[in-house]
Amino acid sequence: MTNEPGTPIGRRVFLGLVGVGAVGVATGSTISNWWQQLAKRDPTGLSAVFPGGGGWRYYTVTGDYPKRPTADYRLKVHGLVDTPLTLTYDELVALPPTRLDRDFQCVTGWRVLGVKWQGVRLSDLLDRAGVQPHARALRLTSFDGAYTESLTMEQARRKDVMVAYQLDRKPISSDHGGPVRLYVAPMYGYKSVKWLDGIEVVDKVIPGYWEERGYSIDAWVGRSNGRNDETT
Ligand SMILES: Nc1nc2c(c(=O)[nH]1)N[C@H]1C(S)=C(S)[C@@H](COP(=O)(O)O)O[C@H]1N2
Ligand SMILES: [Mo]
């Protein structure tokens, strides 16, 4: 089963996603925590009108929102590269930053407008590692232990694709996939791997978690929204 971007997604996949959304069960005791938990598992979008949502849903396919202190964080760039890298959080944030003020859109329909992202261009990291000539794609992994994604080398080299460590001027929370996640501005949210820990350079596209479950490997947000042009 495949789904073209912008068309309604298949029922099986949709139900799967709703099921996934229901995994983040309330654990907090405060009211605000309760609302936050509601927002996490609410597939309808109604909780966006309540405090704490801000239009976001907090997704996880494992039922867990793993926390990793920045001191313990490592990002590996490996595979078909001349110099494999293992970057600490401090090393990553010390690299020349890139910023984007762009929308975040899930393929299920919700969208958060004008999110302020800061990070390091994925392309810069690839240059540091030295991509070998026969490389064609990336396999991206998460320290949740389950989620993966793919990008072609051409997609990965775009200026609007970054390894992000700030969201709306604050460190990315663990709910949002911090301390470090991917942000692929021109594509649906499922490309933006949370809790990013690995960038493997490979010789062909390896379908990611949701792509194995029916979503399109090319996840371009429909041009009809007029907001997906590549900018610096
Ligand atoms: N590791 C991991 N990354 C993920 C997901 C996930 O479940 N696990 N969900 C994806 C989807 S479908 C979307 S829309 C966004 C949601 O990001 P958010 O939880 O910060 O709103 O993360 C993407 N990256
Ligand atoms: Mo999504």
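Predicted model: local features only at pLDDT ≥ 70, side-chain atom pairs only at ≥ 80, totals over all residues.
**View 1. Backbone contacts to ligand 1, from Ser192 and Arg57.** A polar backbone atom of Ser192 sits 3.0 Å from a nitrogen atom of the ligand. Arg57 also uses its backbone, with an N or O atom 2.3 Å from an oxygen atom of ligand 1.

**View 2. The shell of residues around ligand 1.** There are 20 residues around the ligand, and the ones that come nearest are Arg57, Tyr59, His176, Arg181 and Lys194. Sort the shell by type and you get eleven nonpolar, five polar and four charged residues. Why does ligand 1 lie between domain 1 (1-58) and domain 2 (70-231)? Both domains give residues to its shell, so that is where the ligand ends up.

**View 3. The largest cavity, which is the space taken by ligand 1.** The count comes to three cavities of 30 Å³ or more, and the largest has a volume of about 320 Å³. Its lining runs to 24 residues, with Tyr59, Tyr147, Gly189, Tyr190 and Lys194 lying nearest the centre. By type, the lining of this largest cavity splits into 15 nonpolar, five polar and four charged residues. Domain 1 (1-58) and domain 2 (70-231) both contribute to the lining, so the largest cavity lies between them.

Key: Residues numbered from 1 in each chain as written. Chains lettered and ligands numbered in written order. Heavy atoms only, no water. Near = heavy atom within 4 Å. Polar contact = N/O pair within 3.5 Å; in protein donor to acceptor, adjacent residues only side chain to side chain. 1 Å grid on protein atoms, 1.4 Å probe; cavity = no way out; pocket = protein on both sides within 12 Å on 5 of 7 lines; lining within 4 Å. Sits in = over half its atoms within 2 Å of the grid points. Nonpolar A, V, L, I, M, F, W, Y, C, P; charged D, E, K, R; others polar. Domains from an automatic or database assignment. Points joined across faces, edges and corners; volume = space filled by probe spheres on them.
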